[in-house]
Amino acid sequence: MKTILRKKAVESHQWWNTAQSILQLGTLTGLLSLMCWLLAGTLGIAFATGTVLLTLWFLPRSPAILMRWHQGRLLRTEEMPWLHQIQKDLAKRAGFVWSPVLYYVPSSALNAFAVGNRQEGGIAVTDGLLRTLSYREIRAVLAHEMIHLQHNDVSVMLLSSIVGRLVYWLAWFGIALILFSLPLSWLYGQTVPWFWLLMLMAAPWLSLLLQAGLSRTREFQADLGAARLTDDPQALIQALTKINPGSSAPVHSGDFTLLRSHPATSERIARLASISQAVWEPRDFLWCDFNRPSYLSWTKRRYGWQ
Ligand SMILES: [Zn+2]
C-alpha cells in the first residue's frame with residue numbers, strides 16, 4: 001500500500017503556513033521596531049536594522065565551517081552511493097541548481113539537520129539515523145531537510161533569533177532606564193510610565209512565543225514540502241514514529257506547548273495523515289539495495305531532530 005497526497009488539503013495547509021510565517025515574523029520585527037522607536041525614535045530603528053544586517057552578514061554561512069561545530073565530516077559518494085543518488089534526485093525535483101552537500105555526524109542519535117541556504121547548503125545525517133531508518137524513511141527525512149534549505153529556513157530562524165535577542169536586551173535596557181528615573185519622576189511629580197514598563201516586561205516573552213511559533217510553522221511547512229517532494233507522506237510518518245518513539249501519544253499535559261520550538265510529533269503525524277490518501281500499489285524502491293554505515297567511532301553527543 002502507498003499513500004498519495006490530497007492536493008486541495010496540501011494547498012490549504014501551505015497557504016495557512018505561509019500566512020502564519022509572515023504574520024509571526026512581521027509581528028516580531030514590528031515588536032523590535034516599536035521598542036527601538038520608544039527608546040530612540042527613528043535613529044533607534046536605523047540602529048537595530050544595521051545591527052541585524054551586520055550580524056547576518058558576519059555570521060559564518062559556509063556549511064563546512066558550521067559542520068565542524070557539529071563534528072560532522074563530508075560523506076563521500078563512494079561511501080554511500082545510494083544516499084547521494086537520493087540527494088541528487090530530490091535536489092533536481094526541488095529545482096536546486098547545486099545539490100546540497102551531504103555530511104556524516106558520528107552520533108548514535110537519530111537526527112538530520114540542514115545548514116546554509118539554497119545557494120550553499122549542506123545536510124547532515126547521523127550514524128544512528130542511517131543505521132535505524134529504512135531507505136524510504138531516510139529519503140523522507142532528507143526531503144524534509146531539503147525543503148528547509150529551499151525555504152531558507154536556517155536564515156529565517158537565524159533572523160528571528162537575532163531579532164529576539166535584540167528585543168530582550170532593549171527591553172531590559174528600557175526597564176532599567178524607567179526604574180533609574182523613578183526617584184526623579186517622584187521628585188518632580190511626573191507620572192511614572194507604568195504602561196510602557198509593563199509592555200517592556202512583556203516584550204521578551206512575546207518575542208519567545210513568536211520565535212517558537214515561527215519555528216513550529218516552518219517545521220510543518222517542511223513536512224508538507226517533503227511529502228510533496230517524495231510523494232510518499234507515509235514514509236515521513238514512519239520516520240517520525242521511529243525518531244520519536246511513543247509519539248502517537250498525546251502531548252504531555254505538563255508541556256508548555258507554545259514555547260516548544262518543534263511541534264509535537266503526534267501533531268505532525270496527524271497533519272501528514274490529513275493530507276494523505278491510501279492507495280493499493282507497491283512502491284518499486286522498497287527493494288532498493290543500500291548499505292549501512294560501517295563506522296563505529298561515533299560519540300554520545302545528543303541531538304534533537306531539526
Ligand atoms: Zn525540520
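## Strand order and pairing

Two strands are taken to pair if DSSP finds at least two bridges between them, and strands (E, at least two residues) and helices (H or I, at least four) are DSSP runs numbered from the N terminus. The structure is a predicted model, in which local features need pLDDT of at least 70 and side-chain atom pairs count only at pLDDT 80 or more, while totals for chains, interfaces and linings use all residues. Residues are numbered from 1 along each chain as its sequence is written.

Four strands form an open sheet of mixed pairing, in the order β2-β3-β5-β4, and the edge strands, each pairing on one side only, are β2 (73–74) and β4. Strand β3 (residues 101–105) pairs with β2 in the antiparallel sense over two bridges, with Y103 as the bridge partner of L74. The pairing of β3 with β5 is parallel and runs over five bridges, among them the one that joins V101 to G122. Strand β4 (residues 112–116) pairs with strand β5 (residues 121–126) in the antiparallel sense, again over five bridges, and the two form a hairpin with four residues between them.

## Burial of the strands

A residue is called buried if 20 or more other C-beta atoms lie within 10 Å of its own, exposed if 12 or fewer do, and partly exposed in between, with C-beta atoms placed from the backbone. Five of the five residues of β4 are buried, so this strand is largely enclosed by the rest of the structure; six of the six residues of β5 are buried, so β5 is likewise largely enclosed.

In a regular strand the side chains alternate between the two faces of the sheet. Both faces of β5 are covered, with G121, I123 and V125 buried on one side and G122, A124 and T126 buried on the other.

## Nonpolar cores

A nonpolar core is a set of buried Ala, Val, Leu, Ile, Met, Phe, Trp, Tyr and Cys residues joined through C-beta atoms within 7 Å. The largest has 47 residues, of which I123, L142, M146 and L236 touch the most other members, and its largest share, eight residues, comes from helix α5 (residues 135–150). Leaving aside neighbours within four places in sequence, M146 is in contact (C-beta atoms, placed from the backbone, within 7 Å) with L90, A91, A94, P100, I123 and L229. A second, separate core of 16 residues includes L28, A48, A171 and L214.

## Helices α6 and α7

Axes are lines fitted to C-alpha atoms, for helices over the stretch in contact, and angles run from 0 to 180 degrees between N-to-C directions. The axes of helix α6 (residues 153–187) and helix α7 (residues 194–230) come within 8 Å and cross at roughly 170°. That makes α6 roughly antiparallel to α7, since angles over 145 degrees count as roughly antiparallel, those under 35 as roughly parallel, 65 to 115 as roughly perpendicular and the rest as oblique.

## Loop residues with positive phi

Most residues other than glycine have a negative phi. N152, in the loop between α5 and α6, has a positive phi near 55° and is partly exposed, with 17 other C-beta atoms within 10 Å. D231, in the loop between α7 and α8 (233–243), also has a positive phi near 55°, and is partly exposed with 14 other C-beta atoms within 10 Å.

Methods. Contact = placed C-beta atoms within 7 Å.
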